Each structure stands twice: as C-alpha cells, then as structure tokens.
There are 2 protein chains.
Amino acid sequence: MGGTVVEVTEVGLRDGLQAEPRIVPTADKIAVFDALVAAGLRRFEVSSFVSPRAVPQLADAADVLAGIARRPDLTLACLVPNEKGAERAIAAKVDEMVTFVSASESHNRTNVNRPIADSLRGFGEVARMAAAHDIVVHGAVATAFGCPFEGDVAPARVVEIVGRMAAIGIRGVTLGDTTGMATPPIVRAVCGAIRDAHPEIAVTLHFHNTRGIGLVNVMAGLDAGITRFESSVGGLGGCPFAPGATGNISTEDLVYLLDETGHETGIDLAAMLPIARRMEQLVGHPLPGQLMKAGPRLALYPLDAVRRAVG
Amino acid sequence: MGGTVVEVTEVGLRDGLQAEPRIVPTADKIAVFDALVAAGLRRFEVSSFVSPRAVPQLADAADVLAGIARRPDLTLACLVPNEKGAERAIAAKVDEMVTFVSASESHNRTNVNRPIADSLRGFGEVARMAAAHDIVVHGAVATAFGCPFEGDVAPARVVEIVGRMAAIGIRGVTLGDTTGMATPPIVRAVCGAIRDAHPEIAVTLHFHNTRGIGLVNVMAGLDAGITRFESSVGGLGGCPFAPGATGNISTEDLVYLLDETGHETGIDLAAMLPIARRMEQLVGHPLPGQLMKAGPRLALYPLDAVRRAVG
C-alpha cells in the first residue's frame, strides 16, 4: 500500500542563491546539484537567465548547466524573463524555461519594470522559441497568495493569468507565495479556483516560511489535491521585502513532513542533511532548516549525553 | 458567525526561560507578564517550584507570583515536582499546580531521577495538599509523542499515565512533545486513544518546533478536536537534547495561524509582536518566532522601499 507520490522541485540553486550576499562558486553549485541528485531529487530550478548585472549570483547559469551531468530522468528548468534570456536558455540546453509574472500589478512593475500585460505578451514569443527547440515552457505566478504592496490578491486574478498561460500552451504553473502571505483558506481558495477554471493545468505550489506556516500551507495544498511543491535545501533564500524572515520552505523539512504523513518523494532524508549543512557553509550564515539541526526523529540520543529537561 | 474558541497557555516565563543562559530579572518577567495580559492572554505557566540550585533561572518563582497583579480572569499555574514544591506553591497562592511525569522511563529517570511509578505515587500527596487549599492540579506528560532515548512511545503508555492522573482527580492534562518528535499521525493516534479511554479529560497540546512542523501538529490537534495549546512568546525555549533546534512553538505565530484559520483566541496579534521583540532583548539572542520579524500579513510595504525580487 503505497502513499501518494509527491514531486519536489529543488529551487535552492536559483531562488535560494539569488539574494545571497556571497556568490557561490560554480564548482560548488555543481557539487551541491550532484549531491541532490544522489539524494533522489529529479526536478530542479537550476538557475536564471536574467541580467548578470542585476543578479550576479546567477551570472554563471550557462556554466552550471554545462557542468552538471545530464540524465534522462532529470528535469532542469531555468528562469527566462524575455527573448534574450530564452536564447541563452536554448543555447544552454535547458529542459524547461520558466516564464514568470506577478499576480499584482505593483509587484510586477517592481520586479521586472513593466505592466503585467506586457509580461504576458512576452510569453508568446518565448513559447514559440521554446517550441522550435522542443523545450517545455512552465509558468510561474508570483504574489499568487498576496502582495506585499497591495495586500490580498483575488483568486480570479490568478485564474486570469493562468488562463493566459494556458492559451499559449503552458500546461504546468507554479503559484508563488513570494512574501509568505499564504494561509490555508487562501490556498484552498486559489487552488480551487484554478482547478475549476483550468483542470488541465498541473499546479505546483511554492511557499515561503516567512510567517512560520509554510508547511501548514503544504498540508492545505495536499488537502486541495496538489502533489507538486517547490522548496530549497536548508530553507535557503529569502525575500528582501521582509528582513530577518526566512525564505523558502526547507526541502529536508518538507521531505520529513511528507515522509511522516505517508507520501512518497523518492528523496532520502538522511542524505539531505549533510547537503543542507554544506550549503550553510557555502553561503556563510545559518540557514533556517530545522531537520539539519535536530536530525531525524528517531535518531536517538545516548542516555549518558543527558541533561535535565522538563516539558 | 464566530469561530471555535481556542485557549492558549503562555509558557514562556517557565518553559521558555528555564534553559536560558542569561537570568532574566524578576521585574522584567513581571513587565512581560503584564504586557501579555494586556495583549489578551489569560492562562500562564508562570514559573516552577523546583530546586533553585537546579534551575536558578526560576529561583524567583515566589517573587514573580507576589509581584504580578492578580485578576479573577487569570489562571496562574506553576510546576510542582514534589511536596516541598507544593508547599512553596501554596504559600505563593498559585491557581494551579502542574505535576509532571514522562511517558518514557528513561526520560523520567533523566529528568527527575526516579522511576515513573515513584513520580505517579508522589502526585497523590500533592493533590491532597492542593485540595486542602482549593488549588487545581493539572497533569503534564512529557515525551508523550516520542522519547529521545527510546524512540516511539506507545499511545497506550500515555493513556495509562493519564488514567493514573484521572484517578486522583486531575481533569486537565497537557501532552508535551518534549523534543519535537510529534507528527500528524502520532498526534491523531495519541489524542484519539485518550479521548476514547478518558473522554472526561481536557487535553492541552504542547508542541516544540524542533523539526519545523510544530504548527502542522497544531492543525492535526485541532482536527482531532483539541482546543487547548501551549506556546511561548517569541518561540522562547528549547531543549538541551537538540542543540541549535528551536523549542516551543511561538505564541504569536500560533495566534497568527489560529486567526487565519477562523479560530478565536482573544489575543491581539499586533500587541504580541513588541513583547516578543522585548523578550529577545531580555535573553540576548535571536528568537525563532517568524511574525516578530515579518510582521502581520497585511502590513503592507511602501512601494518606494522596494528592491528586486522574484519568486
């Protein structure tokens, strides 16, 4: 009797590293990638073909893609903001291009300096370029559960954007909780609205733990029938809009929760912990993942290491 | 249409402070207590009448109880390990004495240096002393969801201990997830077993966020019909058995989740955040609470404070 299979996409090398003060060397990124594959991860956001000046942390996107071992069972996705990025992604032989737009106008203008309508128009050309090279296009909707400037985002707004993506042939869409505003009722409302309007779309959920309930939202997503989630090793990443707050949910904490609730990910939790600790060394500051500190649930302590504790 | 009422017990002043390297002055404890009452908290674990040599952080238990303003709508509970502690608690005019025992033999011996059977025998005399002064006795079961030395704890073991507590007249029992081993299936199993065997017992759940799923376990507890939870301001506290791991779930993160899922606590989230930040100053190191860093969900950012962010 197997549990539900859940697909975990590792986004640490992209979303996780993009805001880190320290630039991680290409060889270390590749070593982390290889270790994650050995631990059982199969789907990755590897990097981003944005301006190297704007995001120097990911300026080595082509080198990372050239340096990692390709396997037919891996999916390597990269962020592509425009046609120029698409050209670079095609040259780097990505498996998927991720086009992205915010669900709120002010966040999109802040993020990519143009209105949502212009972002959506750009997707069409990127999709044509991708199709010519048999590359899948994946859509990502930022601020899908709330906007740090506008507040609540109507589910109908997210449905409309997903519909525009569906119209150009996109079949997989990630809903991003960019600044950690998702709650279980909002997750239910947004996922339900998309399922009703676009049952053909495969939805992936991308939660941040900014307000401590990232994994609670995962459970709400599972209850809503979603079986695809994004996370980052160690909980790497963060949002510059919420200083001091953590970023993405941690891959190993997510895998722990999924393991313990009868889901199957194919990921070896024990193998994840040293990778998270290695990532902590690479970025040079503590990461928020909990399993990497506490260890697996049934890793028992020897009695002679004991000190007093109540509660 | 009101939501379910949930009772939150603040344990920061006891469970939170007992393992802190820095001893917080009595006057500061009282100021934090007063602020928590102003924020809407009504039920507290104020301190512990254990040996001042063993836990110097709480040596001022009597002074704290003498210094805080009493109100008929507040419940002030204190930990009482034995008859000597009960005498001190009676003198300090506590509302409730909390007697405690571990569900696992090795943890109980480590914690209080005696077998479970001896701990249980001691409860009877404490209960008689309390009854003579119209003081309620509350029970607490540590390692109720797993033991760091023995691993899984059988729900039947917890039921047996709760039954022994019920037999001496205890009507409220806290189940403690001492080292953060609870998972949703374990929460369902333990809560279900106690409900079936002792439906008269009011169960309170005390989760640690050691492995990142403390609030997921709260949702599992709510699903199991439990409406009483313990937490600490800022997520103060921790377990010496899991270095680097966080301790209690944070009161303000808990209140945020309860607010957002339609539950009523009577606690003002906005008023909690400065108290958590004050506690961080008092203990002199960062606390794991997330809301105290990120702020409320709909506290919007001004657009001119913006930097680039994707995802």
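How many bridges join β6(A) and β7(A), and do they pair in the parallel or the antiparallel sense? They pair in the parallel sense over three bridges; two strands count as paired if DSSP finds at least two bridges between them. Helices (H or I, at least four residues) and strands (E, at least two) are DSSP runs, numbered from the N terminus.

Some housekeeping. This is a predicted model, where local features need pLDDT of at least 70, side-chain atom pairs count only at pLDDT 80 or more, and totals for chains, interfaces and linings use all residues. Residues are numbered from 1 along each chain as its sequence is written, and chains are lettered from A and ligands numbered from 1 in the order in which they are written.

Back to the strands. Thr174(A) in β7(A) is the bridge partner of Ala140(A). β6(A) also pairs with β5(A), in the parallel sense, over seven bridges, and there Val141(A) partners Val101(A). Six of the seven residues of β6(A) are buried, meaning 20 or more other C-beta atoms, placed from the backbone, lie within 10 Å of a residue's own; exposed means 12 or fewer, and partly exposed is in between.

Now the helix, α7(A). Its buried residues are Pro155(A), Arg157(A), Val158(A), Ile161(A), Val162(A) and Met165(A). They cover an arc of only 160° around the axis, so they lie on the same side of α7(A); the arc is taken from the directions from the helix axis to the C-beta atoms. On the other side, Ala156(A) and Ala167(A) are exposed. Just after the helix, Gly169(A) has a positive phi of about 95°.
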